[in-house]
Amino acid sequence: MVAWNNFDTLTSYKKLASLANSVNLKEVMSGENGANRVKKYSVPMAGGLSYNFAAKQVDDDVLVALAELAAEAQLTEKYEELYNGAVINTGEKRLVLHQLSRGQLGKDVIADGVNKREFYVAQQKRAAEFANRVHKGEVTNAKGEKFTTVVQIGIGGSDLGPRAMYIALESWAKATGNLKMTAKFISNVDPDDAAAVLDSIDVAHSLFVLVSKSGTTLETLTNESFVKDALVKQGLDPAKHMVAVTSETSPLAKNSGYLAAFFMDDYIGGRYSSTSAVGGVVLSLAFGPEVFARFLNGAAAQDETAKNKDIMKNPSMLDALIGVYERNFLGYTATAVLPYSQALSRFPAHLQQADMESNGKSVNRFGEPVNYVTGPVIFGEPGTNGQHSFYQLLHQGTNIIPLQFVGFKNSQFGKDVLIEGSTSQAKLCANVVAQIMAFACGKDDENRNKFFAGGRPSSIIIGEQLTPEALGALLAHFENKIMFQGFIWNLNSFDQEGVQLGKVLAKKVLAHNTDGALKAYAELLNI
Ligand code: F6P
């Protein structure tokens, strides 16, 4: 049996507090010592990736204490409970099964009389068959013409993950002949979002994928009507242009207005749903089912690494532990995710939801207030663009913000140019290593304005190329990191009550059921 205890009751909490600031990053990263750390502090991941944490404020003593924390908090045992089907989502009394959508990690999980692995695989097969039929021209528009574009309508987890994954593989798919359909996404209830997407596509050759687990989300249902309206105005039958991805219990499940419906369930949270039908339908349509299967394989292989009790063989757990050390004992409030890969341009936005909706909590899994800080603020942009934007604050601002770099040795297209002795890819990679060292070691200067204090920690995930397997591994790495951090903080990382209040108030505003300042604000915006 695992014990769910608050972080500050653990013995390792006190030990780690006593070690805080014991490592001078500038010192340990200078000279040969630094070179040794770069070689030593690297852990293999799945998908040909590795996690290098040489430029973190840890040493062997801190790592021993983090390993003790992992054991005392029973992190791998809790993961085992999760993938074997325990009710880990205490707030909603639900199982947490997203890992099962990409592999069988433990026992068969039977819930509501259904073998859940079989259910997810069956939905993947249905999505694969449907995508193949669309690609072959067996499912067409009313005129018998092939669909060329797929448009996902959804918000939050029904948008961010699938959109980030699509963007991540679009160039790779073009370069390797795997782009079967162009994908677009409509999420915001802002009418300009749907209008702009509709304006950019050939509606008559577009297939719309309506994604909502609950089937009740205001933005998604509004955008569905927006799109249906546009289809009708062009003399097209919406029922021939639309499929749904939802849970079997949602109002959308029994709606005859779709070509087909694909299912996920309440045991997969929206922000963890990229590997379920939520990501599976759009990604299989865009890239073909084989590519989606490769992406799932990468995620499954990374999930396997998360079983390892040895923190040096479990990069997601190690990343989680270091993140907690930084948050609770070094006092850092944010984490920047900085992929040196244009393909990962929306990955930080996906992680914002995945991390902040999971661990942005002040009560433990039993609803009791906790006396320690929990999830950090997550933000980021791809490098090198970010360097010309907010890196000023990262280098010389008053807050230290730990950095999570991601970089690849090779580009996706392979097209490049040699200018002044180096390729663009070499310039990209040179920048990321330069940044790691500039942040860690800083620069002395008599002019305080040009002085860099250094001591700013970072890690880097390095890969050969951003392939479907590498992307799957990267996604699962962060999902598992967030899960382990939630375990350490004793949170329920799998509900999101904090998003409800705003929705309730917005409904009141639309119903003109307001008074006081809410009414006054509504009037300011002409509602
Ligand atoms: O409002 C937050 C949220 O519930 C997210 O957790 C979820 O990903 C998103 O809304 C969309 O929900 P649904 O898929 O049910 O439309």
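Biologist: Which residues are closest to the ligand?

Modeller: This is a predicted model, where local features need pLDDT of at least 70, side-chain atom pairs count only at pLDDT 80 or more, and totals for chains, interfaces and linings use all residues. Residues are numbered from 1 along each chain as its sequence is written, and side-chain values use heavy atoms, leaving out hydrogens and water. The ligand is surrounded by 14 residues (a heavy atom within 4 Å); the closest are Gly157, Ser158, Ser212, Ser214 and Thr217.

Biologist: What share of the ligand's accessible area does the protein cover?

Modeller: Accessible areas come from the Shrake-Rupley method with a 1.4 Å probe. On its own the ligand has 400 Å². The protein covers 86%.

Biologist: How many residues of the shell around the ligand are polar?

Modeller: Asp, Glu, Lys and Arg count as charged; Ala, Val, Leu, Ile, Met, Phe, Trp, Tyr, Cys and Pro as nonpolar; the others, Gly among them, as polar. The shell holds 2 nonpolar and 3 charged residues. The polar ones number 9.

Biologist: Are the rings of Tyr391 and Phe439 stacked, edge-to-face or tilted?

Modeller: Rings of Phe, Tyr and Trp (its six-membered ring) pair if their centres lie within 6.5 Å; planes under 30 degrees apart are stacked, over 60 edge-to-face, and the rest tilted. The centres of these two rings are 5.9 Å apart and their planes are at 55°, so the pair is tilted.

Biologist: Which peptide bond is cis?

Modeller: Most peptide bonds are trans. One with omega near 10° is cis, and it runs from Gly383 to Thr384.
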